[in-house]
Amino acid sequence: MTRLNPRHTLLALALCLTAPWAHAHGDEVHDSPSPAPAAAPSAPRNPAAASLALRPQRLPDGRVWLDKASQRQLGIRTQLSMLGEHRPSVELNGHVVMDPNAGGRVQASLSGALEAGPDGLPSAGQRVRQGQLLAYLRPSLSAGERASQQAELAELHIKAAQAARQLARLESLRETVAARDIDAQRAEAASLRQRAAALATAGGRLALRAPASGVLSQANALNGQQVESGALLFEVVDPQKLRVEALAHDPAMAQQLGRASLPGSATPWQLVGSATAFRDGALPLLFAPQGRQDVPLALGQSVKLRVAYGAPVSGVALPAASVQRNSANQPVVWLHDSAELFRPWPVQIAPLNGQDVLVRDLPAGRRVVSAGAALLNQIR
């Protein structure tokens with residue numbers, strides 16, 4: 001019997017373990033080639049493209065790359081540049097005043113006490129009609145004035161009674177007395193009665209009525225309130241016929257003003273009058289609405305009126321926030337070149353109104369950043 005070498009035995013065992021069929025079991029096939037490993041992503045050829053894919057930044061040529069997600073976060077908005085004729089405007093300070101033909105005031109003509117009418121005293125904000133009774137005013141008389149009035153009234157009553165008796169005597173003698181004497185006596189008796197009636201009501205209450213139809217903007221009346229002569233008791237205004245008094249510091253401005261508007265209102269306002277004398281260093285200008293007012297106004301309210309002023313000028317109207325300054329302190333706007341690229345464009349600007357500016361040297365039909373330009377300008 002041949003004896004095996006131990007070294008040969010170990011070598012044969014190792015060859016069996018490394019053979020492709022060594023671990024087969026059942027009907028499985030294990031001699032197929034294994035799949036090749038996945039290729040690693042190749043490094044980008046352009047390092048700038050890899051940097052752009054990471055964050056917004058300013059390119060060497062001055063443009064800014066900004067991805068769509070960042071544009072939405074920064075609130076970037078654009079608009080087309082439309083070349084046209086625009087008329088500049090100025091902003092004037094003013095306040096709301098009453099139309100003298102559509103309102104009025106009720107003041108106390110005498111010193112006295114207020115009394116409520118049959119429907120009570122009206123309150124501010126209540127609508128009234130012309131001639132409506134608002135209150136009564138009972139004049140205040142001193143003791144001496146009241147005694148003198150009563151004495152004069154008693155004297156008039158006596159004279160009226162004597163005149164009436166004399167008239168009756170003359171009428172009984174109509175056949176012997178001239179008709180003109182009877183008529184003269186009748187007129188004297190009537191005059192005395194009317195004087196007595198007027199004096200009797202002089203100490204009575206006076207009716208206070210609404211001078212126009214509208215809404216009570218002020219109601220300074222209380223039942224039993226003592227008021228002085230000339231005190232303002234009620235003020236009636238028509239809310240749809242209020243006016244705005246603006247102040248201008250240049251007398252020549254009134255000759256070049258056009259239509260005006262209030263912020264947030266579509267109703268046009270027209271200049272209806274200009275004062276010829278300065279008041280507190282300014283010239284009052286009066287504007288009236290051309291149609292029904294679409295914004296609520298209150299008497300005495302401070303407003304800012306935007307008025308067209310000067311000749312029309314040519315250019316592109318953009319929001320003032322769309323114009324920024326570059327590193328050389330030049331005014332620029334940002335053009336939307338492509339989906340994610342923005343280009344600064346130097347321009348010349350001129351004031352147009354309180355919200356927009358007139359931009360020159362800007363190509364027509366280009367998309368310009370109108371909102372978020374300040375944030376876009378800060379990208380480095």
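Mentor: Happy to. Setting aside neighbours within four places in sequence, Gly 273 is in contact with Pro 284, Leu 285 and Leu 286. Before we go on: this is a predicted model, where local features need pLDDT of at least 70 and side-chain atom pairs count only at pLDDT 80 or more, while totals for chains, interfaces and linings use all residues. Residues are numbered from 1 along each chain as its sequence is written, and side-chain values use heavy atoms, with hydrogens and water left out.

Trainee: What makes Leu 285 a contact of Gly 273?

Mentor: Contact means heavy atoms within 4.5 Å, so Gly 273 and Leu 285 meet that cut-off. Leu 285 has contacts beyond four places in sequence that include Leu 92, Val 244, Leu 257 and Gly 273.

Trainee: Why is Gly 273 called partly exposed?

Mentor: Buried means under 20% relative accessible area, exposed over 50%, and partly exposed in between (1.4 Å probe, protein chains only). Gly 273 has 26% relative accessibility, so it counts as partly exposed. Gly 273 sits in strand 16 (residues 269-274); a strand is a DSSP run of E with at least two residues, numbered from the N terminus.

Trainee: And why does Ser 338 count as partly exposed?

Mentor: Ser 338 is at 33% relative accessibility, so the label is partly exposed. Ser 338 is found in the loop between strand 21 (331-336) and strand 22 (341-346). Its C-alpha atom is 9.6 Å from that of Trp 65, 273 residues apart along the chain.

Trainee: What makes a set of residues a nonpolar core?

Mentor: The members are buried Ala, Val, Leu, Ile, Met, Phe, Trp, Tyr and Cys residues joined through side-chain atoms within 4.5 Å. The largest such core has 20 residues, and among those touching the most other members are Trp 269, Leu 285 and Phe 287. Elements giving two or more residues to this core include strand 5 (89-97) and strand 17 (283-289). A second, separate core of 15 residues includes Leu 137 and Ala 210.

Trainee: How do you know that strand 8 and strand 11 pair?

Mentor: Two strands pair if DSSP finds at least two bridges between them. Strand 8 and strand 11 (residues 214-219) have 2 bridges, in the antiparallel sense, so they qualify. Val 128 has Gly 214 in strand 11 as its bridge partner.

Trainee: What makes strand 8 an edge strand?

Mentor: Strand 8 (127-128) pairs on one side only, and so does strand 6 (103-107). The open sheet has the order 6-13-11-8, with antiparallel pairing.

Key. Helices (H or I, at least four residues) and strands (E, at least two) are DSSP runs, numbered from the N terminus.
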